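Look at the structure, then read on.

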Amino acid sequence: MGLQFTVTERTDRVSEADRAKVLADPGFGNHFSDHMVRIEWDSEAGWHDAGVAAYGPFQLDPAAAVLHYAQEIFEGMKAYRHADGSVWTFRPEANAARFARSATRLALPVLPEEDFVQSLKELVAVDKAWVPEAGDGGEASLYLRPFMFASEAFLGVRPARKVTYAVIASPAGAYFGGDGVKAINLWISTDYARAGEGGTGGAKCGGNYASSLAGQLEGIAAGCDQAVFLDSSTHTYIEELGGMNLFLVYKDGRIVTPELTGSILEGVTRSSILELAKDLGLSPEERRIPIQEWKDAAESGELAEVFACGTAAVVTPVGELRWDGGSCDHRRDGHVDEVAGKIRSTLLDIQYGRVEDTHGWLTRLA
Ligand code: COI
């Protein structure tokens, strides 16, 4: 049997008027719902004290291992409000499985899939009012952030014997602002790699995101929105953007994404797009992609589209690619991101229940 959750509803919830103001223009990651989930683990009792209570700060010992050795993992998911008011999430079993793989890589305990999914249901049951309508931009949702960290106060380097799991929820619009379909420009990070062979790149842990920030800053200084990271051994092959996977679309119908080498995160949106591409009559490929191939195909005109994808980013078209001393742009006069647009709308239609979920990807939360 799974964990039993104790639910302590707060009596001082955010007022309906203030919540409505937030939901009208949530942005990304700025606002949080009234409650959070928390489950404790220790090496003797295992998982225990599962509960939902008021959202609020943790009391953390300054020696908590996560603050020193970054023993931490997380997930990113969304709760979608359907037209009939019901609330659903997308492929939670895939996130639960990845969370378990990340836990194993970071020497953290595995939370069973059943408890992971139940923790989402428990939170959304009390905070259902925080799930926005899809809205004008068409992608408003309640972003769910499950995470786990080493809470034991101990400075020796070994896996923590006390760990905390939590879920917080944040109403979210488009990750890049606007209506989510404006193209972003990318910077090729050559000085910094995000992850290396044998490292933690395939796990969803905070350290990977911390290591992407210097490259991202370099990109922003060069007028770009994000950085694209290359493999750390040869600086030749495209990996990912740090918080998103990448697809190249060719005029002949091939849609190509970097293969999973262990240093790339296996995105749930990425693997869903590989499935949807077949439904749309495209030819998906997972293989190593030299960055030079992008430059050459943009120059020759063979490259039709590039897009980034992820739970937060959904499907976001990419425009210019810049690097130290050069740039290229596959877009020509009259360019339309047709494939990205089709994949984006197909995915959103499934997530918001506007078309039949033929893949069985949705799970009802509330
Ligand atoms: C997501 O897409 O959910 C991510 O985790 C990317 C980023 C917001 C960290």
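From which domains does the lining of the largest cavity draw at least three residues each? The lining draws on domain 1 (6-173) and domain 2 (184-351), with bounds from an automatic or database domain assignment. This is a predicted model: local features need pLDDT of at least 70, side-chain atom pairs count only at pLDDT 80 or more, and totals for chains, interfaces and linings use all residues. Residues are numbered from 1 along each chain as its sequence is written, and side-chain values use heavy atoms, without hydrogens and water.

**Cavities**
- There are 2 cavities of 30 Å³ or more. A cavity is a set of points on a 1 Å grid over the protein atoms alone, where a 1.4 Å probe fits but cannot get out; lining residues have an atom within 4 Å of a point.
- The largest cavity holds about 130 Å³, the space filled by probe spheres set on points joined across faces, edges and corners.
- Its lining has 17 residues, and K78, Y80, F90, T311 and Q351 lie nearest the centre.
- The second largest cavity has a volume of about 40 Å³. Residues lining the second largest cavity include Y237, E239, R287 and R288.

**Ligand**
- Residues around the ligand (a heavy atom within 4 Å) include F74, R145, Y175 and Y209.
- The side chain of Y143 has an N or O atom 2.6 Å from a ligand oxygen.
- For K204, a polar side-chain atom lies 2.7 Å from an oxygen atom of the ligand.
- T311 uses a polar backbone atom, 3.2 Å from a ligand oxygen.

How values were computed:
On a 1 Å grid over the protein atoms alone, a cavity is a set of points where a 1.4 Å probe fits but cannot get out, and a pocket is an open set with protein on both sides within 12 Å along at least five of seven lines; lining residues have an atom within 4 Å of a point. A polar contact is a pair of N or O atoms within 3.5 Å; within protein, one must be able to donate a hydrogen and the other to accept it, and residues adjacent in sequence count only if both atoms are side-chain atoms.
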